[in-house]
Amino acid sequence: MGMIVSWMLVAAAIGAFAVTALSGCFVIPALHKLHFGQTIRESGPTWHNKKQGTPTMGGLCFIFGILVACGLVYAGFYRYAQDLLGIVQVRAALLALFLAFGSGFIGFLDDYIKVVKHRNLGLLAWQKLIMQFIVTGGFLVGLHMQGLLTTIIMLPFIGAVDLGWVYYPIAFFGIIFLVNAVNLTDGLDGLCSCVTFVSMLGYLLAASMLSFYHVAVLAAATAAAAAGFLVWNFYPAKVFMGDTGSMFLGGMVTGLAFGVGMPLILAFLGIIYICESMSVVLQVISFKTTGKRIFKMSPIHHHFYMFRISEVKIDFAFSAVTAVGAVLAVLAVRFI
């Protein structure tokens, strides 16, 4: 089994990287031709305006790469995977994909409205939330129907804790919070791609340790696809992933945590996403209550960017923090 799983992981990674990187040769010119350029918000840094018109919706590259790579791997290894790994793992992987693609579709609609109307505002907040409620609800119902949703959580050094019915609203709103948090992280060239690449390596190790090999395949494919997208998205970016890509990655990041039955692992593997989102929350609360801002600009990556710290340095710093989180996540899995 070990050899088969290893080949599945390698095939998923190579396939996702190759398809994602190569698809940029066709997707980016097509986006240029359709005039699907990014509209930069007026409240951002003035020197950020040079990015105006850079093609967006580039997340289609890695979505396609992950879909093709995982499809070919599961098709090629189906007979072995079904016998060795079991249907439960297949269902866990499919549900993670459901959350990712559902979230990505919402992001696609948001991007489409932006580029067609040439404005920074896409879907209205209530429209996006209603759709997220539907997708998140469907994901949790799917987990429940497959016996993959439990109110018992495992805490490092403590053990099992049953939260009872309180678990459900926490899980529901927690998923929506984290999907949007990943979306907020996509604000600098290569930032979300770099952070997600490192986060997915952590998922790959954690899922392998827990013997959730189908989830490990998704993590390997997503990490490799993020790396393939960096060919086009690293500074200076030739394309942005858009909400299409960041919402998809948000769904994947969150879905995999539930797929391995350890949603609390997000506290480590999603540390940057959480900090990005909380910086916005704290900024709004501070300004509404005191009239003062904590950060020069939120999300927090813009705070550092306002000090003229290069995008590349911010990418590496945030990735390093994520790497520390990945190590902590693996240790948490090891001692549960």
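Start by selecting Thr-20, which you'll find in helix α1, residues 2–33. (Helices here are DSSP runs of H or I, at least four residues, numbered from the N terminus.) Thr-20 is buried, at a relative accessible area of 0%. Buried means under 20% relative accessible area, exposed means over 50%, and partly exposed lies in between, with a 1.4 Å probe and protein chains only. Show what surrounds it: Thr-20 touches Cys-61, Phe-62, Gly-65, Ala-225, Gly-228, Phe-229 and Trp-232, leaving aside residues up to four places away in sequence. A contact is heavy atoms within 4.5 Å.

A quick word on what you're looking at: this is a predicted model, where local features need pLDDT of at least 70 and side-chain atom pairs count only at pLDDT 80 or more, while totals for chains, interfaces and linings use all residues. Residues are numbered from 1 along each chain as its sequence is written, and side-chain values use heavy atoms, with hydrogens and water left out.

**Next stop: the cores**

Pick Tyr-203, Met-252, Leu-256 and Ile-265. These are the residues with the most contacts inside the largest nonpolar core, which has 69 residues. Helix α8 (residues 213–233) gives the largest share of this core, 13 residues. A nonpolar core is a set of buried Ala, Val, Leu, Ile, Met, Phe, Trp, Tyr and Cys residues joined through side-chain atoms within 4.5 Å. Zoom in on Ile-265: not counting residues up to four places away in sequence, it touches Tyr-203, Ala-206, Ala-257, Ala-329 and Val-333. Then jump to a second, separate core of 18 residues, which includes Ile-106, Leu-123, Val-135 and Phe-172.

**Now helix α13**

Select residues 311–335. The end C-alpha atoms of α13 are 36 Å apart, which agrees with the 36 Å its 25 residues should span at 1.5 Å a residue. The expected span is 1.5 Å times one less than the number of residues. Color the buried residues of α13, among them Ile-314, Phe-318, Thr-322, Ala-329 and Val-333. What covers the buried residues of this helix? The cover includes α7 (191–209), α10 (266–269), α11 (271–290) and α12 (300–305).

**The charged network**

Side chains of opposite charge can pair when their charged atoms come close. Asp-110, Lys-114, Lys-128 and Asp-243 are linked in a network of salt bridges; a search of the whole structure finds 4 salt bridges. The cut-off is a side-chain nitrogen of Lys or Arg within 4 Å of a carboxyl oxygen of Asp or Glu.

Walk through it pair by pair:

- Lys-114 to Asp-110: the closest N and O atoms are 3.4 Å apart. Both residues lie in helix α4, 4 residues apart, about one turn of the helix, and both are buried.
- Lys-128 to Asp-110: the closest N and O atoms are 3.2 Å apart. This pair links distant parts of the chain, with Lys-128 in helix α5 and Asp-110 in helix α4, 18 residues apart.
- Asp-243 to Lys-128: the closest N and O atoms are 3.9 Å apart. Here Asp-243 in helix α9 (residues 242–259) is joined to Lys-128 in helix α5, 115 residues apart, and both are buried.

**Last stop: the surface**

Switch to a surface view and select Leu-121, Leu-124, Trp-126, Ile-130 and Ile-134, which make a nonpolar patch of about 520 Å². Patches are made of residues with over 30% relative accessible area and no salt bridge; like charges are joined within 9 Å, and nonpolar side chains (Val, Leu, Ile, Met, Phe, Trp, Tyr) within 5 Å. Areas come from the Shrake-Rupley method with a 1.4 Å probe, and for residues only the protein chains shown count as cover. Leu-124 sits in the loop between α4 (87–117) and α5 (125–145) and counts as partly exposed, at 36% relative accessibility.

How values were computed
Helices (H or I, at least four residues) and strands (E, at least two) are DSSP runs, numbered from the N terminus.
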